[in-house]
Amino acid sequence: MTAPPIPDDATLEREAVRLCRRYIDEVVLPFDFCPWAAPALRQQRVEIIALSQPVATLGPPLVQAARQGARALDRCWQRPELELVLLVYPRFRLARADFDALVRAVRDEAGARFVMAAFHPDATADTSHPERLVPFLRRSPDPMVQALRKDVLDRIEPGRGTGTAFVSLDR
């Protein structure tokens, strides 16, 4: 039995974006998992970017992937119609906790213009407390960073959304 061929970067990125769109259409929107992002998703004010940078070890590969993500966010910042950017990392091969380190590194590189959340396929269900279940609900086909423009959160009406709260630390 021969191994399937390894896809080139363009094919992998195209497939990662397709799977992310399917995840949004079949899971996120129907179950209202993200009331903050739902309006942007429904009104197509979203950019999905697959980054094929391999990350199989900590150190330089993780730093390079974070810089690649921050550069993508910088390009998206120049497009004010975009409210949400999803950075998909289909070649991230480390544990979920290590992906949290990548998200922190992207945040450090990109600055405070975006608020970010980590989504990872390897989260287990922890029912010991309600908020411990959130990573399980955020299981995505590939590791993904959700980056929402901070100015979008600043405009959100207090009653919008269910089950999630936002408190501004600026005031």
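Before I start, a word on terms: helices (H or I, at least four residues) and strands (E, at least two) are DSSP runs, numbered from the N terminus. In that sense Ala-10 is found in helix α1, and I will come back to this residue at the end.

What we have here is a predicted model, in which local features need pLDDT of at least 70 and side-chain atom pairs count only at pLDDT 80 or more, while totals for chains, interfaces and linings use all residues. Residues are numbered from 1 along each chain as its sequence is written, and side-chain values use heavy atoms, with hydrogens and water left out.

Let me begin with the overall layout. The chain holds six helices and four strands, and along the sequence they follow the pattern α-α-β-α-β-α-β-α-β-α. Of its 171 residues, 40% count as buried, where buried means under 20% relative accessible area, exposed over 50%, and partly exposed in between (1.4 Å probe, protein chains only).

Now to the sheet. The four strands form an open sheet of mixed pairing, in the order β1-β2-β4-β3, and two strands are taken to pair if DSSP finds at least two bridges between them. Because β1 (46-50) and β3 (114-119) stand at the edges with a single partner strand each, one side of each is left without a neighbour in the sheet. From one strand to the next the twist averages 15°, with axes being lines fitted to C-alpha atoms, for helices over the stretch in contact, and angles running from 0 to 180 degrees between N-to-C directions.

Strand β2 (residues 84-88) and strand β4 (residues 144-149) run antiparallel and are joined by five bridges, and Leu-84 stands opposite Leu-148 in β4.

Which strands does helix α1 touch? Helix α1 (residues 9-28) packs on the sheet and touches β1, β2, β3 and β4, its direction making about 140° with that of β1, where contact means heavy atoms within 4.5 Å. Helix α3 (residues 60-77) also lies across β1, β2, β3 and β4, and runs at about 155° to β2.

Finally, as promised, I return to Ala-10. Is this residue buried or partly exposed? Ala-10 is partly exposed, with a relative accessible area of 42%. The C-alpha atoms of Ala-10 and Ser-52 are separated by 8.5 Å, although the two residues are 42 residues apart along the chain.
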